[in-house]
Amino acid sequence: MNWDWQAVSDFMPQFWDGLLVTLQALVLGSLISFTLGLVWALLMRVPSRWVTWPVGVLTEFVRNTPLLVQLVFLFYVLPEWGVTFSALTTGVVGIGLHYSTYTMQVYRAGIEAVPVGQWEAATALNLPLRRTWTAVILPQAIRRVVPALGNYVIAMLKDTPMLMVITVLDMLGQARLFSQEHFQFTEPLTVIGVAFIVISYLASLLLRALERRLVH
Amino acid sequence: MTSGLWELVLKGVWVTLQLLVCSALLAAAVSFVVGVARTHRLWIVRFLAGFYTEVFRGTSALVMIFWVFFVLPLAFGWQLVPLWAGTLALGLTYGAYGSEIVRGALNAVDPAQAEGGIALSFTPWQRLRLILLPQAVPEMIPPFSNLLIELLKGTALVSVMGMGDLAFSANLVRLALQESAEIYAYVLVIYFVIAFVLTRGMRGLEKKLKAGVGKRPEQKIVVSEPVGGGVK
């Protein structure tokens with residue numbers, strides 16, 4: 001096994017470009033999954049089968065099929081329907097949609113964990129439904145689920161390399177490009193592998209600190 | 001779609017299932033060995049097992065697959081058959097996630113049970129085999145069921161390396177027909193059906209195992225833990 005430090009330093013400029021794209025996809029994907037997940041969770045509480053059933057089936061379907069295939073589906077099928085996004089946008093939408101079906105379960109657990117007394121108090125105070133949700137239930141529910149949502153951000157980070165398949169130049173995409181140009185596979189792939197371990201480890205330390213603050 | 005193309009898809013299903021079974025077996029073996037090692041009484045064993053978990057959970061499955069396919073042959077001279085390379089990468093990664101499940105379930109068994117084993121002068125191995133595992137294993141089934149679905153979704157990753165699984169054959173059909181909506185819709189449905197069958201099977205298994213220790217299966221739906229939520 002021969003390790004070439006020169007290749008590592010040659011790869012570094014491309015590595016930073018890739019890291020930037022990966023983090024971009026991660027942040028935007030997280031935002032989409034957090035909002036869309038909340039929408040799904042709220043829709044699942046609508047007291048009508050005509051809403052909960054389609055939403056339930058759709059999210060179950062998205063959750064149980066591979067993200068890779070979903071990404072490719074969006075990438076090739078959306079243009080056929082006349083919608084053209086850039087590869088990164090498609091990827092962000094795909095990841096956000098996929099993980100929203102997970103965050104929805106997190107929100108649901110958080111909403112169900114709000115004590116019944118809070119609902120009763122809102123009723124007793126004659127709060128309208130909208131105020132009940134925005135001022136009483138959601139602030140308490142979301143506070144509880146922040147650590148769990150953070151876990152999904154880390155999981156999402158580890159799924160961003162799939163964007164490479166739809167031609168996004170994220171960390172893995174850059175590493176593959178570099179290996180094919182220079183025919184050196186060991187160094188770039190190892191560098192990004194270690195980078196993933198370091199980033200997710202740091203993120204989980206951060207998350208633990210956040211958890212300690214929120215869950216007193 | 002012609003019958004020839006359907007044959008291609010079926011071949012893809014077969015490869016996906018093979019890969020799923022092989023990597024699930026490897027992942028299960030790794031989970032139990034590493035998970036039990038994390039409750040070992042020697043700190044060095046616990047440390048090594050914890051290190052393994054952090055490294056393999058920390059990195060991305062797709063990066064691991066690239067590493068096994070490209071770096072392993074160059075660095076160590078091991079050229080693996082694609083099926084085994086895929087099995088190795090997926091089994092080791094998902095085994096690291098599974099080891100957390102095993103460790104959690106072992107720790108959740110009432111300590112009095114293990115103490116009872118000590119009082120009856122069981123050896124550590126007997127305690128594990130006769131007291132801890134029979135009570136811990138049924139509790140592991142719901143999270144393992146989720147992990148199995150994640151593994152099924154993970155098998156699609158090997159298509160990137162040109163292994164002829166379901167996702168790969170979908171790509172071939174797309175190239176042949178120059179049309180993607182139909183074939184990808186079929187493929188997504190096929191994945192969903194496999195996942196559905198697996199979930200049902202695992203639920204049956206849970207019922208059977210829990211009946212063996214006099215418990216009922218969980219009524220509520222389990223919120224799936226994210227695969228790889230970092231350190232806990």
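This is a predicted model: local features need pLDDT of at least 70, side-chain atom pairs count only at pLDDT 80 or more; totals for chains, interfaces and linings use all residues.

Residues are numbered from 1 along each chain as its sequence is written, and chains are lettered from A and ligands numbered from 1 in the order in which they are written.

**Stop 1: chain A.** Helices (H or I, at least four residues) and strands (E, at least two) are DSSP runs, numbered from the N terminus. The C-alpha atoms of chain A fill a box of roughly 70 × 45 × 25 Å along the principal axes. Of its 216 residues, 43% are buried; a residue is buried if 20 or more other C-beta atoms, placed from the backbone, lie within 10 Å of its own, exposed if 12 or fewer, and partly exposed in between.

**Stop 2: helix H4 of chain A.** Select residues 87-112 of chain A. How far apart are the end C-alpha atoms of this helix? They are 38 Å apart, which agrees with the 38 Å that 26 residues should span at 1.5 Å a residue; the expected span is 1.5 Å times one less than the number of residues. Now centre on Thr101(A), where H4(A) bends by about 35°. That bend is the angle between axes fitted to the seven residues ending there and the seven starting there. Because 20 of its 26 residues are buried, H4(A) is largely enclosed by the rest of the structure.

**Stop 3: where the chains touch.** Show chain B as well. The contact takes 40 residues from chain A and 39 residues from chain B; two residues are in contact if their C-beta atoms, placed from the backbone, lie within 7 Å. On the side of chain B that touches chain A, H3(B) gives the largest share, 10 residues.

**Stop 4: the core.** Select Leu68(A), Val69(A) and Ile65(B), which touch the most other members of the largest nonpolar core, a set of 109 residues. A nonpolar core is a set of buried Ala, Val, Leu, Ile, Met, Phe, Trp, Tyr and Cys residues joined through C-beta atoms within 7 Å. Helix H4 of chain B (residues 82-108) gives the most to this core, with 12 residues. Finally, keep Leu68(A) selected. Leaving aside its neighbours within four places in sequence, Leu68(A) is in contact with Met162(A) and Val165(A), and with Ala156(B), Leu157(B) and Ala167(B).
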